[in-house]
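Hi everyone, thanks for letting me take a few minutes today. Let me put the thing up on the screen, and then we'll walk through it together.

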Amino acid sequence: MTTIKLDHVSRWFGNVVAVNDITMDVGPGVTGLLGPNGAGKSTLINMMAGFLSPSAGTVTLDGRPVWRNEDIYREIGIVPEREAMYDFLTGREFVVANAELHGLGDAEAQRALALVEMEYAQDRRIGTYSKGMRQRVKMASALVHGPSVLLLDEPFNGMDPRQRMQLMEVLRRMGAEGRTVLFSSHILEEVEQVASHIEVVVAGRHAASGDFRSIRRLMTDRPHRYLVRSSDDRALAAALIGDPSTSGIEVDAAEDALLIQAADFGRFTALLPRVARDHGIRLYTVSPSDESLESVFSYLVAA
Amino acid sequence: MVISVVVRLMAGADPQSAVNVLGGFALAAMVPIVGVIAGTGAIGPEIDDGSVMYLLSKPVKRRTVLLTKLVVAIAVTMVFSAVPTLVSALILAGTADGVAVAYTVAALVASVAYASLFLMLGTITRHAVVVGLVYALVWEALLGSFVPGARSLSVQQWALAVGGDLAEGKLVTSEVTTVTGAVLLVVVTVLAAWYGARRLRTLTPATEE
């Protein structure tokens, strides 16, 4: 049972603040580090992996500092985001080399390769591997010493759905075994399929934390904006504003449409078609106008 | 070596022309260039593409990582610079006057210092090859031939001081004394290795810069 503790950690590069005063504990099980690109996820992972010193605050692994402490790598396995590997080696040679750096041998390397189901291609050169295969060999090299902590930076990037499922399965298994698994992603659906716990990071700050249900709720309970076009915009607006699920309506003359702010998303989506039918109004367009991830995240940060 | 053969055919077995070729080409250009390639090549590309992370994320002292790289860099530099120097020297001068031995020893000790120096450069800058070549060619070869001060502050001259004593008479000379040369070589080698290891401890992933 290993816990990574971040205590008021900040990191800046020159005058750019990448990580801003984050405090969190990452414990056993699978934790997803969710945030848009450039939120500071990689910087956080690099600090947890001992590749970067925090500009302020401390990162500890069961009380021991991570920075400048090679011994922690007995317990940490790292899957970097970058693709670069030793392409002239075969998958097996690469994993064996990683095992030997841990003072281990062929047996452990074979076990790790079996774990990620890469035995069938282990004697091919890494240079010939597909992205998913590379990812799995990287996993094997990180798992070769049976680490209690596994850190993965954007592991699902560029994987096809089948490879994604396989990797999710491996991560779930690792988490169920009581290992501390942390992976980063910018896709909520990806994170909530595997992670029992989610940490949301936006613009270097810790925006939210909890299981996927509470994160989901935070994201769906926020005020939603819709763009609606109908046969009679003003009559529809008058009918909708009578219900508490609608908090504001704007008539956009230029767009020839209504911009509706819904306070209660569930109730509004049920209300809108009913009201339209009752008043004999035809709906031409109903589209959420701010579903982009960025707006969801900015809402979370403001919350 | 091709140059050696041509000179040998034109001038015969003459210790002085051997000194000119070996001092002017082998030690002044070949050894440092091979040193740059081997020294920076031992670690630069891995740092550049990020694969060095696989080495660093292991419970291995960074000092050990650097020293291993250093041994390889030294060996490569020796094989590709000192061995050709020896062969050229034998072609040019045979075993006469100890010239061959002197230059080979000089190339060997220079290999150690260059490899260490350029390996350190590889951990400091991504442009280690350029910086290394500028040092080797501009500082040691070019400035060294005009400015005497630059000459006494160069690995090449220190190595010559160490090797020079093995040749008869005053055939192979250096700007500095043998002892000074030897001490400076050791100091530079050790300092560069120490600093390189220090850099490795605080190496930042390339993506973060």
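Okay, so this is a predicted model. Let's begin with a tryptophan, Trp139(B). Is Trp139(B) buried or partly exposed? Count the other C-beta atoms within 10 Å of its own and you get 18. To be called buried, a residue needs 20 or more, and exposed means 12 or fewer, so with 18 Trp139(B) lands in between, as partly exposed.

Where does Trp139(B) sit? You'll find Trp139(B) in helix 7 of chain B, which covers residues 128-146. Setting aside neighbours within four places in sequence, Trp139(B) is in contact with Gly144(B), Ala150(B) and Ser154(B).

In soluble globular proteins, nonpolar side chains tend to be buried together. Here the largest nonpolar core has 130 residues, and Leu151(A), Leu27(B) and Ala106(B) have the most contacts inside it. Helix 6 of chain B, residues 99-124, gives the largest share of this core, with 19 residues. Take Leu151(A) as an example: leaving out residues up to four places away in sequence, Leu151(A) touches several residues, including Ile45(A), Ile76(A) and Leu182(A).

There's also a second, separate core of eleven residues, and Leu236(A), Leu258(A), Leu272(A) and Ala276(A) are among them. Two of those names take us to helix 9 of chain A, where Phe268(A), Leu272(A) and Ala276(A) are buried. What do the buried residues of helix 9 pack against? Their partners in chain A include helix 8 and strands 11, 12, 13 and 14.

Let's check the length of helix 9. Helix 9 does bend, by about 25° at Leu271(A), and Pro273(A) follows within four residues. Just after the helix, Gly280(A) takes a positive phi of about 65°.

Zooming out, chain A is assigned two domains, domain 1 at 4-217 and domain 2 at 221-302. Their centres, taken over C-alpha atoms, are 41 Å apart.

Last stop, the contact between the chains: chain A brings 23 residues and chain B brings 17. On the chain A side, helix 1 gives the largest share, three residues. That side divides into eleven nonpolar, seven polar and five charged residues.

Conventions
Residues numbered from 1 in each chain as written. Chains lettered and ligands numbered in written order. Predicted model: local features only at pLDDT ≥ 70, side-chain atom pairs only at ≥ 80, totals over all residues. Bend = angle between axes of the 7 residues up to and from the residue. Helix = DSSP H or I, 4+ residues; strand = E, 2+ residues; numbered from the N terminus. Contact = placed C-beta atoms within 7 Å. Nonpolar A, V, L, I, M, F, W, Y, C, P; charged D, E, K, R; others polar. Domains from an automatic or database assignment. Core = buried A, V, L, I, M, F, W, Y, C linked by C-beta atoms within 7 Å.
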